[in-house]
Amino acid sequence: MAMADSYRTVKAVSNGLYREKGSRFISVACPVSGEPEIKSVIEGIRREHHEARHHCYAYMLGNYGATWRANDDGEPSGTAGRPILGQIRSFGLTNVLVVVSRYFGGTLLGVSGLINAYK
């Protein structure tokens with residue numbers, strides 16, 4: 001099998017904001033090259049958004065996305081990290097980390113609401 005000499009990733013750090021029923025979802029997508037860097041970025045985001053209830057994330061590394069991880073950080077299983085990872089995959093990206101910090105707004109969103117919000 002031939003090695004790919006190119007891949008798609010994000011060019012620079014990008015931020016987003018989504019609101020649903022009082023909750024705020026603040027996202028950060030950034031280019032990364034390895035797991036030590038990923039850990040450092042996540043720790044920085046946790047410090048910056050220390051009052052957020054959850055810091056869910058997903059990442060994909062390598063030309064074929066061989067290394068990946070999705071983390072729900074206390075949200076119900078499969079409602080946060082996997083939807084984020086699904087978006088990374090749907091855009092064909094790699095060497096990227098997406099972290100979504102959630103500030104709870106007082107209204108439960110339910111499983112489908114969480115999946116849609118993190119997606």
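This is a predicted model: local features need pLDDT of at least 70, side-chain atom pairs count only at pLDDT 80 or more; totals for chains, interfaces and linings use all residues.
Local features were taken at pLDDT of at least 70 and side-chain atom pairs at pLDDT 80 or more, whereas totals for chains, interfaces and linings use all residues. Residues are numbered from 1 along each chain as its sequence is written, and side-chain values use heavy atoms, with hydrogens and water left out.

Two salt bridges were found, a salt bridge being a side-chain nitrogen of Lys or Arg within 4 Å of a carboxyl oxygen of Asp or Glu. One of them joins D73 to R46, with an N to O distance of 3.5 Å. This pair connects distant parts of the chain, 27 residues apart: D73 belongs to the loop between β4 (67-71) and α2 (81-90), and R46 to helix α1 (residues 35-48). Helices (H or I, at least four residues) and strands (E, at least two) are DSSP runs, numbered from the N terminus. D73 is partly exposed at 22% relative accessible area, and R46 is also partly exposed, at 33%. Here buried means under 20% relative accessible area, exposed over 50%, and partly exposed in between (1.4 Å probe, protein chains only).

The salt bridge between R102 and E75 has its closest N and O atoms 3.0 Å apart.

C30 is buried at 6% relative accessibility, and C56 is buried at 0%.

Two aromatic pairs occur in the whole structure. Rings of Phe, Tyr and Trp (its six-membered ring) pair if their centres lie within 6.5 Å; planes under 30 degrees apart count as stacked, over 60 as edge-to-face and the rest as tilted. The Y18 and F25 rings form a tilted pair, 6.0 Å centre to centre, with 50 degrees between the planes. Y18 is partly exposed at 36% relative accessibility, whereas F25 is buried at 2%. F25 also pairs edge-to-face with Y118, at 5.1 Å centre to centre and 85 degrees between the planes. The latter pair links strand β2 to helix α3, 93 residues apart, and both of its members, F25 and Y118, are buried.

The largest pocket has a volume of about 350 Å³. On a 1 Å grid over the protein atoms alone, a pocket is an open set of points where a 1.4 Å probe fits, with protein on both sides within 12 Å along at least five of seven lines; lining residues have an atom within 4 Å of a point. Grid points are joined across faces, edges and corners, and the volume is the space filled by probe spheres set on the points. The lining comprises 21 residues, with S27, V98, V100, Y118 and K119 nearest the centre. At least two lining residues come from each of β1 (14-20), β2 (23-31), α2, β5 and α3 (110-118), and β1 gives the most, with five. By class, the lining holds 15 nonpolar, five polar and one charged residue, where Ala, Val, Leu, Ile, Met, Phe, Trp, Tyr, Cys and Pro count as nonpolar, Asp, Glu, Lys and Arg as charged, and the others, Gly among them, as polar.
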